[in-house]
Structure formats: structure tokens, C-alpha cells
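Colleague: Please walk me through this one before I set anything up. I'd like to begin with strand pairing and then move on to packing and confidence.

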Amino acid sequence: MSEKALDHYRLPTDVRPRHYDLTIRTDLEKERFFGFVKIDLDIVKATKVVTFNSAIELELVPSTLVLASSGGELTPVETKVDAAAQRISLVFDEELSAGAKATLRLGFGAALTDSMTGYYKSTWDKGIYALTQFEPTDARRALPCWDEPLLKATFAVTLISRKGTVSLSNMPARPDIAVTSFETTPPVSTERWKEQMSTYLLAIANGDFMHLESSYISPLSGKVRPLRIYATADVIHQAQKALPLYEKVFDIEYPLPKLDTLVANDFDAGAMENWGLITGRTNAYLVDPENADIAAKKRIAGTQCHEVWEYHNMKWWDNLYLNEVEIPDPGQIGQIFDLLSYAKAASVLRMLSKYVGEDKFLMGVSLYLKKHLYSNTVSATCGREDSGGLDIPTMMDSWVSKMGFPVLTVTETPTGIKVRQDRFLEDGPARPEDNETIWSIPLGIVTSSAPGQGLVDNTALLVTREAEFKLDTNKPFKINADTNGVCESLCHRVLYTPTRLAGIANEAAKPESIFSLSDRIGLVHDAAALNLVHELRAEKECACLNHVSGSGELTRGGKSWSGTAWAQTWQDRSHMVGGDKVTQYLNAFRRTLFSPLVERLGFEYSENDSADTTQLRTLVIAGAATAGDAESVTNRLEYIAGDTSAIPVDLLVVTFCTAVEHTGARAYDAVLEIFEKTKTPSIKVAAIRARTFDMILKNVRNQDLIYFFRGFATNAKAIYALREFFEANYDSINTRLETTFSMKYIIESVYSSFAKEEDRAKAEAFFKDKDIGKYNQALAQALDGINAQAALIKWTTGALEEIYIGHAATVAATGEKKMI
């Protein structure tokens, strides 16, 4: 997109903010806030117009501009409002000279709403409190400002509120002022970096909060910094706090004098890394150790590690992680916080770490962060630090700037292997026009150096469409050792010949295999993905899974061992195409995978269990239950009757769902009571998964709507009713969520489960006259997914029927129950 086109969405750069002196009065009883701000400005280019961001709901009072040179006040002769772009332009008679300094004075106010954006209200048992969520571009809903990451400034915040409430912001409160006045943020500390902050990291809050306090000592300077976590009185006992050892890892000291966290009942994102005042939803920060499953504990630990602080910012939001999608329009920014931004970025970084070695990788990251500390950067700067003679910038360019990722096809030659790369696409082999990218791919070839001993060549690099590599194919080998990006690899998939795949799978199943657990998981996921794109037949994928399943170890992060992708797709949609026999086969197949492990692992959880064992037990019990082996779960309904210790917390979701499915009204009413009364977030989310449509529009927080929709979307029998419900109530749901991230997830949940062309056509017709700007990418992905799933069912139907017939004959002749 041209610079001229971008100007339509971005603020002019002839005037830049330098400092905000911000005062806000919060009235929780009247559910309103009022403010006054003095913004110190640098006039970069001569102009008569000062343009800044302000949302339409923010009520502004007449403004003045004070010139630093003369002290004279200027009043605008015209105020232009661009509601769509959320911009205000003040036009003055007198031209402001380049190099001049001025102060803009503005009053403002607005209602505290439940929008979960800007400065908004959250509810609890005893009333409301207020907090902010400004990322990516919602600071403009709380104050007039230059609301772009590049336009940084310092902030001095003063909060006025009713007695008995607590006020919070990024910095510590000043002890010398009766109202809550906070130190300037960022603090002026060194000459190495500009002491300025982007508006999206500003945060304020006011309410009846309690807090827990601890501290940490910096390993770099010895400074002691307080760590506080705030919440309302009813849940503060569940608050958990951890501080990752980033100072040691990156040799950079945390720059602020304190680190607070505020836990909110109503929060759109998972959490937000505001400098010095992290905010987040209850299930991201609250955990009752006696009533939280291991998945909840890991989620909370991961969230806290992710949100601690930002070392630097992007110049604009399309440089958030990977520069694959151009996002000039602020209204569409929320869509880039997705699988691309997180999973692919993580996979690429893990691939780079494996290629250069972890120590060199962390050193390179440290050098990069120090060079760009607290500045604004673009994706193209990634990997340009000292890398020991390796051409990392060239290697990283294709991963950062190009869409997608490749599939590697491995064939054998007299002297080794030939590896070819092509773009991996969900709907099948890439057409020439979609297959132009050549990635630089570290192959990570693992070979056998001795029985049970593997040797990994991390120097092998594929930089052309195809190349040959020498190795002894008579010995076990595998591309992508340890499977970079395990579970959801977004670096590359590997396609072997069926004979080689079977050989690798056989080797992986051996007790002394050279292949790791990550390798075994990677084989399963690659086989599933390649079947989805019609590169590997279903029976070969099924055989691969059976080969490597014997150890019962296939779990990591709770995301593996769920059976095969085609099995889930076919089973969930088989009612659409009359596939009852195949559904029976798939259930039987999944029971042969899961039920023996249920018998081996049992239902009892122990403190001595490893995390992987705990997750594996949960996963196989859920898998067996959804495949029809639900007796053991439905017989354990004491929890529903009120004995909260009868069901292990890791089995709450499967127990609630299975109980409601098989025992009806009694369990349904019990789950409803649990949902309404519990204060433990993980139990509430588990109860949501077993609810019905009548709950969605009744007393459900906006932040929790997505859990209902995701729960219904996993039930193949409910997807048509879910779509009908959503479309009938679209206007009210869209109004509730129009300023949030959540609407795109609702769209994904409702429309990603279909596998017929007519269902895609119905969706396109429904959205034809809708403003889809804030979720158009999610909708496009869901519609493309319908096509891919329809093609997958067509691709696998014959193979599954052949397997089913063959299995039935085998069972009749031999009594052998294993599917393959």
C-alpha cells in the first residue's frame, strides 16, 4: 500500500506529543468519568492544524493551545470531526512554526460502559470498579491523544475518586499529594533510551480493591522492587504471582520501580502488558490450587511470563510479530492477534534457536533488545545482530516477510535423499502462482550413529526449490529433529514415501529409538496435516498413529493424542453426509487408542504424577468418553450431587459434558448452579461447556460468551442450531462485542464446523449486507475451512469405508480388536 493511502489511516507527523499531564475523576456511583489533559507538543513542520485521536463517545470541551515562546493562548477557529477515523482536527488562524513548542489543553468526559475497551466498568458482587484496556487503539476512548505506537510520550497521571476506593496506574503513587497523583511514566533514568511510552501501555484503575504483596531483588543491580496483585475481596485469596527471570536471561534490568497486577472480572483479552500495571481476566490470574486443573495452572504461568514488560514496540501494528498481513486500518488491528502472530512466530524462533544453538540464540536476542531498547522497530530488523558468521537476516527474511510455510517432500537417491519445498496450503497442492516463495529451511537431519544413538546435523540448509543431501538411507533418519514448533508446527511439514514413513514410525515405537517424544508427536501431526491436504491417504496416517501409539506418551501441552485430524473432522461432520457406519468405525478406532490407556492410568490423580502423566490421563479419559466409552465418567456424578472432592479437577469438563449428555435434567440443573455460584474461574469455564443456548443471552458476562460458543461448536449435533441462534441474535451479540477482540472468535466458532458447499453459500448470503471489517479475516478463514473440510471428507470416505470393511472381516475371522 502506498504512503499516500496509509495517510488516510495514520495521524499527520507535523505535530508530535512529548508529555501528557493527565487528571481523571472517576465517579463509580454515577458510572462516569471526567478529565483534563495538558499535552506538551513539538511542532515538527509548520502547520495551522493539530490532529489527534478521539473516539466519538468521548465528550470534549472547548480547547486552547498555549505557545511556549510567548505564553499566548490560541483558540481554534474550526473543529473538524472524522468519526470514522476517530480523529479531531483543530484549525487555527495563526501558523505554528516548525521547531516551536506548545501545550494543548482539553477537557473531556464519558460514561463508564461494559465495553471492555477504553476506560470501562467491571462488575462484582458489591458494585462496580473501573479499569482500562487500550491495546491496540482504544486509549482514544478514554482521553484525547496521539494513539499510535510510534508517537510516544511521558505521562503524569492524577486520579480523583471517592473515599474508600483504591486508584492504580503505571507508576507508584506520590506520597506528598492527597489525591492519588502518580510519578511520571516512564521514569527519567538513563541517556541510553528515550523516556517515552506508547499510549496503548498507559493504564489506570479505580475501585474497592485488596492486594497481596511480595518483592523481588534484581540480580543485576540488587534493587528491591515491590510486586503487588490486586483484586476484589471475594477472589483475592486465589491470586497468584510469578516473575520470570528475564533479567538474567537477557541481561536487561526491569526499568520501573514497581510491578502491579490487577485481576478483572470483565476483560476482553487474556491479559495486557501495561507498563507497571498488568491487567487480566480472572482465569488468567486466579487459581485455587485445590480446585484448578493443570491446564489452568500452565495457562496462568504462561500468561504471567508473557505479560511482564515490553522491551520495545513496533512502529505500526502490522509489525506486531510477522509482517505477513498489511493492516493500515485501526479497525482491523484486532484480527492480527491470532495463530499467525503467536504460533508461527514461536515456531520460527524455535527453529532459529535450534539452528544456531540456544546459547547463541539468547545472546543474539539480548543484543537485539539492547540495540533497540524501548524504541520502535519493524520486522525487517529481526536477526541482524552478530550471529557467528551465519547469514541469519537472509534466512529469516522469507519467514518474516512471506506468507505461509512449506511442505518438504523427501525422496531417496542412491547417495542419500532429495528434499523439495513447496508452499503448504490447506486446500491441496499449491498452484504455480501461489508457490513462488523459496524459504531458507534448516533441515535438522537426525541419523543413527549407533544402535539407540542419534546424531543431529543442524547445519543442513535448504535454500533452493530442491537439493540433495548425502546420508545412509539404510539406517533410520528423519527430517526436522525434535519437530520445531511441535503440536502446531508452522515452520514446515515433511512428506515421506509411505514405505519410509512406516519405517520411521516403526523405529519411533522402539524403546531405544533414536527419535524423541517430540519426533513421535511430530510424525502424528505431520501425517494428519498431510492427509488434510490430500498428500497422504487416511490408512497411511492411521497406520502411522498405531505404530507410534504403543508407549502411551503422545502428549505435550495437552494437544496431542486426540486421535487423528481426519477422524475428528469426519466424525463431527459425518451426520451431514450419511456416514453412520464410518462414524461407528471412527468411534471404535478411537476407543482402541484411548480405552486401554484409561484402564492403565485409571481415574485417580496423585501429587507424584508428572505434568505429562496428568495431562495424558485427562486427555485419554475425555477421548474415550467422546468416543462412546462414557460409563466410567457418568458413574462418578457425586460432584454433581454436591461432593466437590469426588471428581478430580482435571476431569471437570468431560464429567460435566458427559453427565449432561447422558443423565439429562438433574445434571443440567446442577451444572447451572455450579456456574452461577462458583468463584473459581476454571470450574466456571468447565460448567459453561455443558450449558445450552438459553444461558447465552442471560446474565453472562461479555468476556464469557466465547466459551459458550466454543462449547456448542464442539458438538456436531448442535452446530446447525448454533448457527440459527447466532444469526437470529446477531445484532445484539455484535453490539455487545463490537469494540472487542471476541467477535472474530465467535465467527470462527459458529462457521468453522461445516463441510458442505451450501453451508458456505448460506454464510456468504448472511454476511452480504453486514459490516465485516473487524472480523473479515476470521470469516474468510472459516469459509475456506468449509471447502477444505468438504474436500477432506470426499478424499477420505473411500479409504475409511475400505478400512471399516477390512476390519470387520478381520474381527470376524480372528477376533483381533486392533483397528490396523
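Modeller: Two strands count as paired here if DSSP finds at least two bridges between them. Please also keep in mind that this is a predicted model.

Colleague: OK, then how many bridges join strand β18 to β20, and do they run parallel or antiparallel?

Modeller: Strand β18, residues 259-264, is joined to β20 by five bridges, and the two run parallel. Within that pairing, Thr261 stands opposite Ile278 of β20.

Colleague: And how does β19 run relative to β20, parallel or antiparallel?

Modeller: Strand β19, residues 271-272, runs antiparallel to β20 and is joined to it by two bridges, with Ala271 having Gly280 as its bridge partner in β20. Four residues lie between the strands of this β19 and β20 hairpin, where Gly276 takes a positive phi near 80°.

Colleague: Which residues cover the two faces of β20?

Modeller: Leu277, Thr279 and Arg281 are on one side, Ile278 and Gly280 are on the other, and all of them are buried. Because five of the five residues of β20 (residues 277-281) are buried, the strand is largely enclosed by the rest of the structure.

Colleague: Switching to helices, which residues of α20 are buried?

Modeller: In α20, which covers residues 730-737, the buried residues are Tyr730, Ile733, Asn734 and Leu737. Viewed down the axis of α20, these buried residues fall within an arc of 95°, so they line one face of the helix. The face turned away from that buried side carries Asp731 and Thr735, both exposed.

Colleague: What do the buried residues of α20 pack against?

Modeller: They pack against four helices: α18 (705-713), α19 (719-728), α21 (742-751) and α22 (757-766).

Colleague: Now the core: which residues touch the most other members of the largest one?

Modeller: The largest nonpolar core has 91 residues, and Tyr20, Val50, Leu104, Leu143 and Trp146 are those that touch the most other members. Apart from that core lies another one, of 47 residues, including Met396, Trp439, Ile514 and Ala527.

Colleague: Last topic, what is the mean pLDDT of the protein chain?

Modeller: The mean is 81, with 80% of the residues reaching 70 or more. Among the elements, strand β11 (residues 127-133) has the highest mean pLDDT, 97, whereas helix α11 (residues 565-573) has the lowest, 48. Over residues 554-566 the pLDDT is below 50, although the model gives this stretch 61 contacts beyond near neighbours in sequence. Residues 573-578 also stay under 50, and for them the model has 19 contacts beyond four places in sequence.

Terms used
Residues are numbered from 1 along each chain as its sequence is written. This is a predicted model: local features need pLDDT of at least 70, side-chain atom pairs count only at pLDDT 80 or more; totals for chains, interfaces and linings use all residues. Side-chain values use heavy atoms; hydrogens and water are left out. A nonpolar core is a set of buried Ala, Val, Leu, Ile, Met, Phe, Trp, Tyr and Cys residues joined through side-chain atoms within 4.5 Å. Buried means under 20% relative accessible area, exposed over 50%, partly exposed in between (1.4 Å probe, protein chains only). pLDDT is the predictor's confidence in each residue, from 0 to 100. Contact means heavy atoms within 4.5 Å. The arc is that of the directions from the helix axis to the C-beta atoms.
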